Amino acid sequence: MTTLATAPSPRAADTDRVLVVGIDGVRLDLLPSLGTPHLDGVARAGFLAPVEVDAATPTMSGPCWTTIATGVGVAKHGVWGNRLDGNRLDVFPDFTTRLAADCGRRTFAVGGWEPLFLARQGGPLFTAPTRLGYVAPGADTPEGWEEVDDLVTAEAEHLLGLDEELHAGFVYLGAVDETAHFLGCGPEYRRAVEAADRRLGRLLAAARARPGRWTVVVVTDHGHRDEGGHGGRSPEERTAWIAACGPGLSPGTVRPVLHHADVAAHVYTALGVVPDPHWTLDGAAFTV
Ligand SMILES: [Zn+2]
């Protein structure tokens with residue numbers, strides 16, 4: 001039986017909008033030495049904070065992105081690796097699906113990693129946003145993924161440019177992670193992070209060209225060892241981060257310790273949606 005228990009949202013403003021940009025595998029400790037002006041701008045206008053992948057969660061993309069998008073941890077969503085089989089996304093859906101199905105909002109999700117967007121490898125994580133965009137890599141190489149991320153960014157720019165309501169969206173950029181797996185965290189990796197930042201700049205411009213009061217969240221899922229690779233508990237692997245700016249977000253207002261599950265929770269809050277207790281979110285809004 002379906003419960004329509006969604007709390008009627010005390011809509012702070014009908015113009016509130018949220019863009020979440022997920023950049024896979026970006027090491028926090030390398031950011032200060034890189035040219036990432038757009039991420040720096042988000043951090044300056046709001047905050048950039050470390051997030052430790054908790055001990056129960058493998059430092060892998062599948063479980064971490066699922067926690068980010070659903071607002072619940074592995075014990076609930078059931079995604080433990082990069083195959084999403086056995087997940088409980090029917091009970092704990094991603095925010096683009098929940099907002100569209102239960103909250104009367106229009107959403108989108110765009111990216112190029114199959115299990116997030118397609119019924120492959122146990123996916124998709126993003127089950128039923130209002131609009132869904134998937135771009136297949138021509139080749140599973142760093143170059144192939146740079147092309148995909150460019151096309152993904154263009155698709156998101158297109159969606160953000162449409163003359164229709166869109167309240168929240170998720171954009172996935174994967175080239176940074178792919179580059180680390182192939183080439184380690186050297187000069188190519190650093191260039192990939194800077195390229196991702198330029199794409200973030202395009203996405204910010206597209207969002208800000210739309211009317212609305214925007215919250216922007218930029219988040220990574222895990223880090224990498226120097227030689228490339230993750231899944232373990234070293235500080236380089238388990239340290240992720242969240243940056244965000246928007247109404248109510250400034251360093252003084254943000255809770256001292258944030259978790260991945262807070263991302264989905266903050267998306268709801270930023271849209272004036274009060275999470276139903278039955279959703280049993282593990283995360284909470286970024287603010288105190
Ligand atoms: Zn990843």
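What follows is a short tour of the fold.

A bit of housekeeping before we start: this is a predicted model, where local features need pLDDT of at least 70, side-chain atom pairs count only at pLDDT 80 or more, and totals for chains, interfaces and linings use all residues. Residues are numbered from 1 along each chain as its sequence is written.

Let's begin with the sheet. Seven strands make up an open, mixed sheet, and reading across it gives β2-β7-β6-β1-β5-β3-β4. Helices (H or I, at least four residues) and strands (E, at least two) are DSSP runs, numbered from the N terminus, and two strands count as paired if DSSP finds at least two bridges between them. At the edges sit β2 (47-52) and β4 (131-134), each pairing on one side only. From one strand to the next, the twist averages 15°; axes here are lines fitted to C-alpha atoms, for helices over the stretch in contact, with angles running from 0 to 180 degrees between N-to-C directions.

Now look at β1 (residues 16-23). It runs parallel to β5 (residues 168-173), joined by six bridges, with V18 opposite A168. Seven bridges join β1 to β6, also in parallel, and there V20 has V217 as its bridge partner. The pairing of β6 with β7 is antiparallel, over four bridges, and V219 stands opposite I242 in β7. Five of the seven residues of β6 are buried, so the rest of the structure largely encloses this strand. Buried means that 20 or more other C-beta atoms, placed from the backbone, lie within 10 Å of a residue's own; 12 or fewer makes it exposed, and anything in between partly exposed.

Which helix is largely enclosed by the rest of the structure? That's α10 (residues 262-270): nine of its nine residues are buried, so it is largely enclosed. Its cover includes β1, α2 (61-70), α4 (95-102), β5, β6 (213-219) and β7 (239-245). One of its residues, V267, touches V18, V20, F95 and A168, leaving aside residues up to four places away in sequence; contact means C-beta atoms, placed from the backbone, within 7 Å. Just after α10, G272 takes a positive phi of about 75°.

That brings us to the largest nonpolar core, which has 83 residues; V176, V218, I242, A264 and V267 touch the most other members. Helix α8 (residues 187-208) supplies the largest share, eight residues. Such a core is a set of buried Ala, Val, Leu, Ile, Met, Phe, Trp, Tyr and Cys residues joined through C-beta atoms within 7 Å.

Technical notes:
Two residues are in contact if their C-beta atoms, placed from the backbone, lie within 7 Å.
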